[in-house]
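Student: I have a model open and want to learn how to read its local features. Where do we start?

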Amino acid sequence: MWPSNWFRKTANSSRTAAGRQELLIICHSGDPYGLSTMENICRGLEFAKIGFSVFDLQQNDRLPPLSRFDAIVTCTEFLSAIGSQSAKRMEKYVRDGGGLVVAYRGFHENLCPLLGADGGCFEREMQMTSGLSFVSELFPDTTGIAIGSSEWDFDHSRFDIDVSELISGCECLVSDSEGRPVCWTLPCGKGRVVFWNTSVLFSRALRGFAIQSILSVMSVGVAAIGGFAMFHIDDYPTSLSDAVQEPIATEYPGMNRNDFFFGQWYEDMMVLRAKHGLKYTWYTVMNYHDVDTAPGASLSTIETTTGQKLLSDRFQCARIIPDDDEFGFHGYNHQPLVATGWPDLETLKYKLEIARDLWESKVPAPLPVSWVPANNIYHPGQVGILAEVFPEITTVCSLYSVGDEDTGECREFGPEPWEPSLTCIPRETWSYVRYPKVRMLQLSQIASMGLWTHFLHPDDVYDIPDSSSPEDGYRNKTNLFWKDRNADGQPGMYHQLDSWIEQVRDLFPWLDFVTTSEAAARYHEHVRRQTDIRVSDSRAEITCETDGLYYLRTRSGLVVDSSNSDAVIVDSRPVTNGTLTVVRCEAGTAVLHFNTT
């Protein structure tokens, strides 16, 4: 179930100076839910180039020597399996300055001083609650995020502990919808503990907050990050239509869909591009009208034979995109590449070959190197045909934290499991509006990987519910205008997107907006980059083959000094119990010192 290299020998190694940064991950191979949490966290640690060793309590209850580790992360509810003498060593390790993250709620009677509440609180019957509310700056801008059950089913199996029952010095970081603590932190001697009173950290959507929890308990935590952002526009040029529809019909009387997409919308998106230094990748469908995917589908229907002219007409209406943007492939038509959408692989191959011909003759761009699946879904056989017909395509962009793995969604960055010739660079957020769920996903992705992947559609503004439909499932569920305020006083989509990107530029000025091909290249460079990180209480040494960005999270009272280093501080801001600094390191070894305030 787990990559074998995660289970490593945990021999002792004394640290007299700066030692290699390393964590001890404690799991129990008889605890499948805890193992899911461990897998999620270890995936994040690998990208961050944070070393770790895994210790399995089912094999041995005596922990290895702890002095070499910068922090301990427990990923099992079976904490009681830790031997009593090992538990005492854990407490001493933390009190002497080590860090501890309980990433899956658990209890050990000898660890009560580290867990933040009296032992009796952990003996009550488990409580099921829901919701997620961030009440602290675990990561920049997390304070105030509130996720209700209608947005995400975060169901907590938690110890029945109230905020008032936490011991003195505890600070609640995250609560449920009723204000009961889901995550808290506390000092313990010279060390620090974060306790997640829940079982939800198996969710990729929360990976970044788990990684930041770990960095926060280390005296100095260093994580390699990607440093780039990717902005996709799906379905452009749009299908042609002279329909006059709401809400644009009210805001711009008489304006039809063509005039909006190729006039107002395009011009405004170019304004945002110039204002915020963006790059777009535009994803194009070849023929929206030919939807015949059945076995033996005719190639001489009017929908097929007029495809070339309609595609030509669409590009004649469309404005020329900037030279440093790029086009990507969104499909022959908008039928998802799944068995129900394309039941016959021969038909799919014929239609994709037509798509290739259409691209070469009518799309003003080189053959595509990336693909966004229609509806973000696909199946193994169908993606294999795509790779055969379009060998130039090396990147697939579906979804990162949401969806069903069986239909190509919820993909990790890296090789596509069904077609290894493709690299997955999935999208995490969508929309023009920073809804709470989208805000959480964005911040978690940046917290974990130091990158952001986003997409939207030109026609999102038109996707409004009617009076008999619920809001859920619509891309413009609150009937926003494009620029004007709606009846509820909410700003238009354009202004909300402008504000959102402005926040991103303010919070994360080091994010570099790139096209998909550039993002794929940056990802591969990050993965290949050999990095050695060594830390002590007074300095960090980062040795890398090529230039790169790194998070340095320091506890309160430590300030990063790069004055005599080959590293440059590009951003620094306060977070809970410390400071999060972003540094850019040149190839070679950069030594950063920490001053005490």
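Tutor: Start with one side chain. Asp325 is buried, at a relative accessible area of 7%. Keep in mind that this is a predicted model.

Student: Which residue does Asp325 meet in a salt bridge?

Tutor: Its partner is Arg273, with 2.7 Å from N to O. Asp325 sits in the loop between α8 (307–317) and β16 (326–331), and Arg273 in helix α6; the two are 52 residues apart and link distant parts of the chain.

Student: Is Arg273 buried or exposed?

Tutor: Arg273 is buried because its relative accessible area is 13%, and buried means under 20%. Asp325, at 7%, is buried too.

Student: What does Glu165 pair with?

Tutor: Glu165 forms a salt bridge with Arg124, and the closest N and O atoms are 2.5 Å apart. Again the pair links distant parts of the chain, here 41 residues apart. Glu165 is in the loop between β9 (155–158) and β10 (171–175). Arg124 is in the loop between α3 (112–115) and β6 (127–130).

Student: How exposed are Glu165 and Arg124?

Tutor: Glu165 counts as partly exposed at 25% relative accessibility. Arg124 is partly exposed as well, with a relative accessible area of 36%.

Student: How many salt bridges does the count come to?

Tutor: The count is 33. The rule needs a side-chain nitrogen of Lys or Arg within 4 Å of a carboxyl oxygen of Asp or Glu.

Student: Now the backbone. What should I expect of phi and of peptide bonds?

Tutor: Most residues other than glycine have a negative phi, and most peptide bonds are trans.

Student: Where do Pro237 and Pro247 lie?

Tutor: Pro237 lies in the loop between β14 (228–234) and α5 (248–251). Pro247 also lies in the loop between β14 and α5.

Student: What is the phi of Asn376?

Tutor: Phi of Asn376 is positive, about 65°, although the residue is not a glycine. Asn376 lies in the loop between β17 (370–371) and α10 (380–389). It is buried, with a relative accessible area of 10%.

Student: And what is the phi of Asn479?

Tutor: Phi of Asn479 is near 55°, a positive value in a residue other than glycine. Asn479 is found in the loop between β22 (452–456) and α12 (493–507). Lys483, the partner of Asp268, is in the loop between β22 and α12 too.

Student: Is Asn479 buried or partly exposed?

Tutor: Asn479 counts as partly exposed, at 34% relative accessibility. Asn376, by contrast, is buried at 10%.

Terms used: Residues numbered from 1 in each chain as written. Predicted model: local features only at pLDDT ≥ 70, side-chain atom pairs only at ≥ 80, totals over all residues. Heavy atoms only, no water. Helix = DSSP H or I, 4+ residues; strand = E, 2+ residues; numbered from the N terminus. Buried < 20%, exposed > 50% of the residue type's maximum accessible area, 1.4 Å probe, protein only.
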